[in-house]
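Keep the structure in view while reading.

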Amino acid sequence: MIRTERLLLRIPTDEDRASLRAMLSDAEVMRDLFRDPTPEGADHTLAQHEAYRRDHGLGFWAVEADGVVAGMCGLKPGAPGTPAEGELEIGWLFDRPFWGRGIAREAAEASLAWAWENRDAPRVLAITAISHVRSQRLMERIGMVRLIDGNFVHPGFTPDDPMRHSVTFAVNRPMVVNRSAIDRL
């Protein structure tokens, strides 16, 4: 569990399934991520994150705001066939009533802090469609930079889908400064 000023990030429970399934099936919420989302697709996504937790100790957390599930955020193994493969990948998804409130940023920053404390990864990556500008802006606000060589064609989309044209952002592990050693100089 991770607590921030306004949020609780935690492993999703059975009680969260209905709201997460509805969010993951909402065409407006998913418009920059999946074409024609369905409840079955939502179940698949939730099962993937359960498998990430079981196999890797990762997976998106349910994010509570104001006592209700606002969305999902967290870390997962990098998507196969993308520049994130083999690395630590961050992602987020929030329901419409929670857009524009800074909740995604707060949850993403908490997820990064968790990564630096609990994983030895030298960096964390994020990928998104070139057209998903809102997500790219959040990536920049949490300190990520777009990788010059990070443009790619996402294998999860059909050849005629514009969302297949994707970009990669990264943030490096913060340097730990030993203040006492610097003060001795």
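This is a predicted model. Start with the largest nonpolar core, which has 33 residues. Within this core, Ile 90, Trp 92, Phe 94 and Val 124 touch the most other members. Strands E2 (7-10), E3 (59-65), E4 (68-77), E5 (88-94), E6 and E9 (165-172) each supply at least two residues, and so do helices H4 and H5 (133-141). Helix H4 gives the largest share, eight residues. In general, nonpolar side chains of soluble globular proteins tend to be buried together.

Val 124 shows how the parts meet. Leaving aside residues up to four places away in sequence, Val 124 touches Leu 75, Leu 88, Glu 89, Ile 90, Leu 112, Ala 115, Trp 116, Met 144, Phe 169, Ala 170 and Val 171. A second core is separate and has 10 residues. Among them are Leu 20, Ala 42, Leu 46 and Phe 60.

Now the aromatic rings. The whole structure holds one aromatic pair. Trp 61 lies in strand E3 and Trp 114 in helix H4, 53 residues apart, so the pair links distant parts of the chain. Trp 61 counts as buried because its relative accessibility is 11%, under the 20% limit. Another ring faces a charge: the charged end of Arg 134 sits over the ring of Trp 99, 4.6 Å from its centre.

End at Asp 120, in the loop between helix H4 (103-118) and strand E6 (123-129). Asp 120 is exposed, because its relative accessible area is 73%, over the 50% limit. The C-alpha atoms of Asp 120 and Pro 77 are separated by 13 Å, with the two residues 43 apart along the chain.

Terms used. Residues are numbered from 1 along each chain as its sequence is written. This is a predicted model: local features need pLDDT of at least 70, side-chain atom pairs count only at pLDDT 80 or more; totals for chains, interfaces and linings use all residues. Side-chain values use heavy atoms; hydrogens and water are left out. Helices (H or I, at least four residues) and strands (E, at least two) are DSSP runs, numbered from the N terminus. Buried means under 20% relative accessible area, exposed over 50%, partly exposed in between (1.4 Å probe, protein chains only). A nonpolar core is a set of buried Ala, Val, Leu, Ile, Met, Phe, Trp, Tyr and Cys residues joined through side-chain atoms within 4.5 Å. Contact means heavy atoms within 4.5 Å. Rings of Phe, Tyr and Trp (its six-membered ring) pair if their centres lie within 6.5 Å; planes under 30 degrees apart count as stacked, over 60 as edge-to-face and the rest as tilted. A charge sits over a ring if NZ of Lys or CZ of Arg is within 6 Å of the ring centre and within 35 degrees of the ring normal.
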